[in-house]
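Subject: Structure handover

Hello,

Here is the structure for you to look over. My notes follow below it.

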Amino acid sequence: MNLFLVNLLLALAWVALTGSFQPVDLLFGFLLGYGVLWLAFRSTRSKRYFSRFPKVVEFVLFFVKELLLANLRMAVTILSPKMQLRPGVVAVPLDLKTRAGIVFLANMITLTPGTLSLDISVDRKMLYVHTVWLEDAEKFRSAIKQEYERRVKEIVEA
Amino acid sequence: MQEIVIMLLMLLGAILIFLAGVGILRMPDVFLRMSATAKAGTLGVGLILTAAALHFNEFGIYARVIAIIFFILLTAPIAAHIIGRAAYFDGVPLWEDTVQDDLKKHYRISDHALYSGELPSEEFLVPQKEADDFSEEPE
């Protein structure tokens with residue numbers, strides 16, 4: 001995480017030195033800083049930042065895609081005269097161990113329309129998710145685990 | 001060109017928020033209603049804010065918009081989780097066509113703690129009330 005802060009500082013330095021305080025310049029400075037840090041730190045012990053950063057970008061893209069698709073599906077459901085609903089509450093077993101990881105996962109699940117994380121068991125082993133379109137509980141569980149939990153794990157607990 | 005993009009974003013955001021409103025009216029139970037609103041609202045607000053930022057095109061506005069979206073993404077799910085949880089052990093019934101309810105018998109009524117294992121006992125049965133607060137005369 002320290003490298004991320006250094007990266008931000010480098011971006012700020014770039015903006016200050018070029019004297020143009022535009023969002024595009026800040027982004028460019030960040031990318032330049034990322035490249036410089038990669039050159040400097042790629043062979044040292046702190047290279048975790050570089051393996052993690054592309055995964056964060058991938059996760060953001062994946063999440064935006066899911067958000068758009070699910071919103072579309074929700075819009076169709078709400079507007080259709082006879083709503084196609086098969087709601088259910090499904091218990092999803094968790095592999096994540098850290099609090100931060102579980103909070104992150106639960107938030108992501110809730111933000112995707114159609115699914116809502118209701119609660120987590122006191123031993124933090126089960127996440128109870130309410131879903132609007134439940135076709136098959138096993139499929140739903142494995143979808144959550146494959147699509148979301150795997151990615152969250154790579155970012156938070158790798 | 002930019003004007004068109006801004007208009008489209010605003011329109012899309014407004015449509016999403018409108019759909020969330022329609023969803024509240026049409027959905028059959030609390031949990032489905034929350035599914036319809038909490039999220040559609042988030043994306044809708046996000047799109048409208050993005051449009052505003054593009055329109056003003058200033059660094060200060062961008063920073064604020066990013067901060068607002070970040071905090072909405074952080075807080076909206078927590079509110080949804082707390083409302084859903086409270087509704088569940090307040091005995092709000094799930095919709096009659098609900099396919100599956102894994103939460104049943106997992107809350108201990110005395111302290112509202114949630115246990116994941118199989119614990120079938122009376123202590124864990126949340127009573128579901130059929131009458132809701134909106135019907136004028138319970139039958």
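Which strand of chain A do bridges join to β1(B), and do the two run parallel or antiparallel? The strand is β1(A), residues 88-93, and the two run parallel, joined by 2 bridges. One residue pair to look at is Gly88(A), whose bridge partner in β1(B) is Gln100(B). Please keep in mind that this is a predicted model.

**The interface**

Chain B puts 41 residues into the contact, and chain A puts in 43. About 3,600 Å² is buried between the two chains. Carbon and sulfur atoms give 70% of that area.

Charge pairing comes down to 1 salt bridge between chain B and chain A. Its partners are Asp119(A) and Arg85(B), with N to O at 2.4 Å.

On the chain B side, four elements each supply at least two residues: α1 (2-26), α2 (30-56), α3 (59-89) and β1 (100-101). The largest share is from α3(B), with 10 residues. By class, the side of chain B that touches chain A has 26 nonpolar residues, 9 polar and 6 charged.

**The strands of chain A**

β1(A) also pairs within its own chain. There, 6 bridges join β1(A) to β3(A), and the two run antiparallel. Val89(A) has His130(A) as its bridge partner in β3(A).

β3(A) pairs with β2(A) as well, antiparallel, over 5 bridges. Here Asp119(A) turns up again: its bridge partner in β3(A) is Tyr128(A). The hairpin of β2(A) and β3(A) has 5 residues between the strands. In that hairpin, Arg124(A) takes a positive phi near 60°.

How enclosed is β3(A), residues 126-131? Of its 6 residues, 5 are buried, so the strand is largely enclosed by the rest of the structure.

**One residue to check: Thr115(A)**

Thr115(A) lies in β2(A), residues 115-120. Is Thr115(A) buried or exposed? Its relative accessibility is 12%, so Thr115(A) counts as buried. A polar atom of its side chain lies 2.7 Å from the backbone oxygen of Ile109(A).

Best wishes

Terms used. Residues are numbered from 1 along each chain as its sequence is written. Chains are lettered from A and ligands numbered from 1 in the order in which they are written. This is a predicted model: local features need pLDDT of at least 70, side-chain atom pairs count only at pLDDT 80 or more; totals for chains, interfaces and linings use all residues. Side-chain values use heavy atoms; hydrogens and water are left out. Contact means heavy atoms within 4.5 Å. Buried area is the accessible area (1.4 Å probe) that two parts lose on being put together, summed over both. A salt bridge is a side-chain nitrogen of Lys or Arg within 4 Å of a carboxyl oxygen of Asp or Glu. Ala, Val, Leu, Ile, Met, Phe, Trp, Tyr, Cys and Pro count as nonpolar, Asp, Glu, Lys and Arg as charged, and the others, Gly among them, as polar. Two strands pair if DSSP finds at least two bridges between them. Buried means under 20% relative accessible area, exposed over 50%, partly exposed in between (1.4 Å probe, protein chains only). A polar contact is a pair of N or O atoms within 3.5 Å; within protein, one must be able to donate a hydrogen and the other to accept it, and residues adjacent in sequence count only if both atoms are side-chain atoms.
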